[in-house]
Each structure stands twice: as structure tokens, then as C-alpha cells.
Amino acid sequence: MRFCRPAEHRFRYQPAGARLDYLGWRHGGGPIDNRTEKTQVPPTQRTIHPILSSCWPRTFHLSLAGALLLWIAFSPIVWSAPSWDCRATADGRSWSCDQRSSAGTASEAEDPATTREGDEQTAPAAIGRKATPPASQDVSSDPVSAPKIDPAAGNEDAVAPRVAAPADDPAQRPPEPGSPKESAATANDDRAHKPRSRSIQQTPSQAAPGPEPQRPAATSAALSHALDIDTGINWDDCPTRPRAAPTAFKLDQEHDTDLPIDVDADAVIADLGPEEVTFSGNVRLVQGDLQVQADQLVLNRSKGQIQADGDILISRPDLRVAGSAASYQLEAQQGTIEQVRYRVPGARARGQAEQAEFLGDGQSRYADISYTTCAPGDDAWLLKAKTLKLDQVEGFGSAQHATLRFMGVPMLYAPTFTFPIDDRRRSGVLLPTVGQSSNTGFDLRVPYYFNLAENYDLTLTPRLMTKRGLMLGGEFRFLTASTFGTLNGEYLPSDQEFDGDRGSLAVRTTTRFNPRTTGVVRFNYASDEDYFEDLGDSLAATSATHLERAGELRYAADTWGLLGRVQYYQTIDRDIPAGARPYSRLPQLLVDLEDPDGIAGTSYYLDAEYVNFYRRDSVRGHRLTLFPKIGLPLRNSWGFIEPRVGAHYASYRLTDQQVGLDDAPDSLIGLFSLDSGLYFDRDTNYFGHEVTHTLEPRLFYLYVPETDQDDQPIFDTGFFDFNFDNLFRENRFNGPDRFADANQLTAALTSRLFAEQNGAELLRASLGQTYYFKDREVSLPGEVLADDSSSAVVAELAAELGAGWRARAGVQWDPHEGRNGNTDQALAQLNYRNRNRLTFNAAYRLRDQVAEQTDLGLLWPINANFSLIGRHNYSLQEDRLLEALFGIEYGRCCWRFRGLVRQYTDSSDDDTNLGFFLQLELNGLGSLGDNIDEVLERGIYGYQAE
């Protein structure tokens, strides 16, 4: 079987003659990429809905990516196949290498071609570019510790280890024509050529062939490579939340093979016959950001082979690998590393393998490999596989006998499976979800992902509910040059609790015809009114009463836009009477124009709409509305004033109009408004902080004459919510079936505090009220007209209290109702969040005669390992619980367990549902169980998933 998780990423669709860029999905989802050639398709950008994003086998290749990178980190050394370069001695008659310290400098201040008497150590080397030896010279007989090359005995390709020459050495002068340095500067192109024979003239102390020199005794300054592998990795720095699996390591990382390779060692033996150099004792090889440390390293150019023994440590910024022995063949790109231990610093991950074997042609194999993100010595969770084979060309891996253990207990096992190792998507099983609720009983979902093609895929999700039966759900995604979309469906045959078949369907598509024209389709269906109540998992879903079905075509110009729409609703709550259900729009055409650059500084506005409304057993028909306006905005740094004039026209052609009313009513209503405001500010100091304090008074006058509109039906018109912003609207109704008469003045005052340091708004307080000079006459059916001289008082407050605290409040108080007035609406909310994820929310909401609720939410990290989760949402008006959550979160750096109990209302009556959620998050691997983050983001205001 196969396991996978499509990787979250960005991708680009780019057919011939067009370019279409998309942002990547969110929990997963691999690239959908259609390479089919198409032309004349404009650029666009959209977001595809995410597919289920958890898959332990897909992240298994991430788990093993450290071992994969053994090849990546090691191969740059051997691919470069560098030759050796040496420098001429001071007398110009021979070549010389010299001993340097581990830092790569000469070990003594005198001429590096000489050493102290009796010193039998050989010289370290720095491997660099090829050098062409000079013409035949006599070899100096002075005793030296480094081998000297007799160019006469070799050929032009002879090379030797190189060291840097002193500043006053002739070797540092500009090279003469034909000199070794000049040849070295142009010899890089010869890397692909096989080296020819060489000869070496050695001092008696280094006669070749001879026994391998003894390894020098370790000094106190020479640290063990086994200790270096964890240097700089702070295993005690725990993340506040377990990190998700890291981005897949790329197998095509390039290393600059043209960089010189420097080698430091305690001793070196060079034999140019077989073209072999043996470095021993604290060997350190450096090329760019790559370092290799070993007890002994042998480089053989004639065989194209490199071999290292002892404590081996290969280090790059993204990977560290330690082993006991390594062997690699350059041309075949084959080799092995034994007793592998690796670290991935970026993911703070580690693991080991018995052996890593590179087979060539982009294939590699690993034995007894493991992966975890727990600190050394802590194997709280461990992912192991008996064997693993990777194919870079095909882009997949295969593992046998893989086991995920938690606290030593096996949790998941697969005898064999395949998984992707790059962005190419593959079919396979995704992570299952397990839950429990009173509506469904034990609830198990096991998704399977089908990679059907580059530009479309399918996820099927069998769902087993012990109280209801087996349901099959699916999500189909597709992408073309101009269209992307999703189709979601569920089918439950013979629901044991419902006694019948049930199902749902949802379709979302978006088409970009050109840069300005977009089409959208939305279609929703449910088999019965209780479907979401029984099978949904949130109050928002279970309270749905109308399901939309719509098709839209939008065109956006520079100053105007056009909308064409066909819209219909399925009302799943059959108790709603026909006269209270929404109208269908078959069709709707809307034009919106706003041109701020009119003649003589004026601004033009136009709202125009045509709709054909349909609803059974009701008045229905056509409506045409036109609402042009012209304004003259005058603005300055200290204030603004803008007069506007306009006219609102509405015309109807109706069917089944009420008896006694006109079948073709119309109305034409003029309008005049004057909006003005002033800005005052001062610099001051509050609580030791420099701030700018503003006062912003505003007056808004509106005049609309009364016009009889009683013959006009109410298709889609109601009241705007009364808040501070709506004090400045030209119509108190939210649709064109009624245009309210007005002769009124709104007075308001806003005050703000801005931080002088960064300009952030620290406080905003607003207060406003409308004064009526004439009673309102235009109303909706059933509305009781008020004859008060002023409106309710509206006040709003928003404050950044500092240290993570935020507050907001609002109130609508009617001074004309009751003896002491009446609070029509109110809101008070206090939020807190800090860097340790402590989140607190307390809210009170009131809408007179409609709802009165309290809402408390808390995420409280008691310590680094333990947190409490809670929410309590209660209806004071209905005296019942709407939703309650309680849970715990416990874990360490590399894992975290979360358990949650949730009771929530799933209908308008007193019925409640009880659910249990469990989740195990493994840092660097993924999550097993329910998506608790989604529940908390919806339930606790201010909660953010890390």
C-alpha cells in the first residue's frame, strides 16, 4: 500500500502564451500543475482550498531526510574531483609543502619549507586547483619535512598538496608566463580529464612505499567528533507548540565545486604513483560551507575514490552527519557510510542508520534508519524502518517494516509502503481522524488521496459512525489555465438513526476569463433539514437554514464594475413559512461607478440595478433602480467638507400584486447631504509615553423629501444595524425597496491617541447622535414609526492597553424609552494574549429582546509542559448553555497531547451534543487525531494556532 501527504507549497501554472500564478494550499495539498499548452490566457492569482494536510508516511521521508542528505553533503567533495596544487620553494628549484596548525596557518614563523630538527611529522595540505609544474630543476638536498616533487620525473599534470606562502615569498608575486601559478589559474578546465602518472622524490623519513604513520596521540585541544555533532543545537529551547513537519529537503541542492578544498591534518603521506594522499590525525577538510572531519582520510585520484575512517563528521549548515567509516567512488557516484548518526539543525531533528549506501543514478539505500525530534537521550517518540530505498529520478521512496513508537509503545506499523520525496504528488492513505460524540458515537475517518493527474485530484474519506453506519465523503479538486474549483460530497446509505439515505453536495468554482472578468459558481445541497444538525460539528453549520446556489459574472474596470448573478436558495428548515423565505434573483444585474476625478474637482457616483425576483405564492416581478450622485469634496489638513446631490429612482413590473396596489409602481426621490469635519491634535504624555491626542468633531446633514412608496413590495430590504458608522448613511434601509425620508443632522465626536514612536492607534473613542427636524414617514410593513426628536446615542471604545491587553465596548442607548432610557444594544469585550500563548477572552453581548449572552474563553499554560483549555458560552435570555469546552494540553519539547470535551447546542431547541477530541502532535512529524486547532479558533476569541 502507499502512504502520502501532498506537501504544502507554492506552485505555478504556466502554459504556453500565458502565465497563471497560484499560491499554495494550506494543510497539505500538493501542486496541481497542468502543462497542457494553451494560449492567450491572462495572469491571475487565486488560492486553492486545502486538502487534508496530515499524513505520517508522507512526512516519513522528511523524517529520513537527514539520512538522504548524507549524499548531498558528502558528494560535493567527490564530485569536484580536485587536483592538488603546490608552490615553488624560495630558491625556485623545487616544490614544497609545509606543516600548518589546525587553523590553516604555518606552524612556525620561519620559512615553512623548514622544520625543527628531529620532527618526523609530515605536512598538512590544502587541496586546490591544478598546477602545471615548472621546467626540470635540480632538487634541493636540504632536509625538509614535506615531500618535494621532481618535475623532471613527472609531467605537466603532476600535482602536490598546497600551502599558502608567506607574504614576502616569491611565490606570492605576480606569476611569470608559464609559471606554476599561471598554469594553476587556467587549469580548472582539466578536471574531467583522467590524471596521468606522477613520481615523487621523498626525504628518507618519508620513503614510499612504506608503512602508514602512526596516528598522533590526541591532545586536550582536539575534541572528539562525536561531541561536535550537537554543537550549537539548543535541545532545551522548547517551542511553545510542536512544530509541523519541515519543508522537504531538496535532493538537487548544488554545491560550488569550483571552490578550493583546504585540508588540515597532523600528518600526510603522498604517493604520486597511484596518485594517492593519506591524511591522518585530526583531519579537517573545508570547501565553502562544507566541513569534513575524520581520523584518517585517503584521496585516490587514479581510482577516483575517497575513503575516511575513524570518527567521521560531515557538516553543512543544514545537516551534520557522523559515522565510523565512509567510502565513495567518484565516477560511479557509489559508496557507503557506516554507523551513521545525523542532526538536522533547522528542524532540530536527529537519527541514525546502520548503513547508508549510494547506488548511483540518483538511488540510495539505508538500513535500520530512525528519526525523532526529541533531545539526545530522549526517545519519547521514534520513527524506525528496517530498510529504506530512495529514487531521486522517479521522486519516491519505499520503506519496509516501518514503525512509529510513542513511549516505547508501537502506534503505527506498515510492512511496506511508498511515499514521495519531492513535490511530485502520489496516491496514498492520509492520517485518520478519530472522535466520539453523542450524535455519531465512535467516529473514525480514513482519507485516501488519489493523484489522478497534474491538474486534478481526488480524496475519498470513508467515515465509520457506530450509531449511524458507514458514510463515504469525497473532495475533487481541479485546475485549468483559467478555472479552479472543488466538489465536495457525502453519502450515508440507510442512516440507522434517521431510517433513510442522506447526503450533501457543495461545488465551488472560479474562472478568470481575462484580467478584469471573473466567473464564480456556488452550489449547495443537503438531503434533509436535520443533516447538518446530526452530522455537523459546529453551531455555525448546524444552525444553517438556507443553502445558496448561485452563478456570478463580474467585470472590474478602473472606475466602475459590473455584476451579473443568478441566485437561488434551498431552505432546509421546512418550518419556515413560504412568505419568510428569501427571494430568488433570476437574474440580477448591478453597475457600480465611482469616479473621484470629475470636472472641476467633482466626484461622480452611480448605483444601478435590475433584478427579476421569484418566490412561490408571493408577489414577484422585476425591479429597476438608479441612484446617481455628484459631490464636491474639499479637503485640507485641518478638515474637510463635501456637499452631495443625487436622485433615487425605482420602478417595478409585478405579478400577483396585492389587491388594490399598483402592478407597476415607481418612485423618484431627490437627495442632498453635507458632510464636514475638523481635525485638532496636540502632543502630550500619558503614563510616560509620548502620544498625539486628536479631537475630530463631525457634522452630517441629510435631506430627503417624503415620497409615498407603499405600493412597492419588499423583496430584499431591511434595517441596517444601528452603529456609529451607520449614523452617516444616506438611507437607513439596506435595500432599494424603501428610501427613507430625512431632515436630520448627525453630530459626532471622535478622539484618538497615537503612539509618537510608531504611529499605532492606542485608543479610539467615538460618540454620536442624530437629531431629527421632521418626523419620519417612510417605513417597512409592520414597523412602528417613532416621532422622537433624536435617535439613540451610540458610543464605541477600542483600546490597546499594553502588555497584550485589548478592550472594546459599544452601547446603543435610547433616552426616549422608559423612565431612565433603555439599552438597545451593548457589547463589552476584554482580550489578553502573551508570548507564552496565555489567551483570555471575556465578552458580554446584548441585543434587546433578541439575545443576551456571556462568553468566557481561556488557554492557560500552567508551565512549559501543561496547559488548561476552557470556554463557556451561555445565553442569559434563554437560560441555557450554548457551548462549553474543557481540555488539557500536556507534553514536552518534541511531543504534545491534547484532550478536549465539548458540549454544544446543535439546534434552536434544548438539544445538545457531547463530543470528545484527542490529538497527539509530534514535533517535526505531524498530528494524529482530531483537528483541535479548528475547534479552538472557532470557539475562543483571540486564539491563534502556532
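Select threonine 750 and serine 766: their side chains are joined by a polar contact of 3.2 Å. A polar contact here is a pair of N or O atoms within 3.5 Å; within protein, one must be able to donate a hydrogen and the other to accept it, and residues adjacent in sequence count only if both atoms are side-chain atoms.

This is a predicted model: local features need pLDDT of at least 70, side-chain atom pairs count only at pLDDT 80 or more, and totals for chains, interfaces and linings use all residues. Residues are numbered from 1 along each chain as its sequence is written, and side-chain values use heavy atoms, with hydrogens and water left out.

Stay on threonine 750. It sits in strand β37, residues 742-755. Strands (E, at least two residues) and helices (H or I, at least four) are DSSP runs, numbered from the N terminus. Threonine 750 has a relative accessible area of 8%, so it is buried. Buried means under 20% relative accessible area, exposed over 50%, and partly exposed in between, with a 1.4 Å probe and protein chains only. Now show its contacts (heavy atoms within 4.5 Å). Not counting residues up to four places away in sequence, threonine 750 touches Thr694, Leu695, Glu696, Phe724, Arg764, Ala765 and Ser766.

Next, select glutamine 657. It lies in the loop between β33 (639-655) and β34 (666-678). Buried or exposed? Glutamine 657 is buried, at 13% relative accessible area. Follow its side chain to two backbone oxygens. That of aspartate 662 is reached at 2.9 Å. That of aspartate 711 lies 3.1 Å from a polar atom of the glutamine 657 side chain. Beyond neighbours within four places in sequence, the contacts of glutamine 657 are Val619, Asp662, Asp663 and Asp711.

Move to alanine 843, in strand β42 (residues 839-847). Its relative accessibility is 7%, so alanine 843 counts as buried. With neighbours within four places set aside, alanine 843 is in contact with Ala828, Gln829, Gln853, Thr854 and Asp855.

Last stop: the cysteines. How many disulfides are there? Taking a disulfide as a pair of cysteine sulfur atoms within 2.5 Å, the count is one. Select cysteine 374 and cysteine 894, whose sulfur atoms are 1.9 Å apart. The pair links distant parts of the chain, 520 residues apart. Cysteine 374 is in the loop between β14 (363-371) and β15 (381-391). Cysteine 894 is in the loop between β45 (880-892) and β46 (895-905). Both cysteine 374 and cysteine 894 are buried. Check the S-S torsion: it is about 80°, so the disulfide is right-handed.
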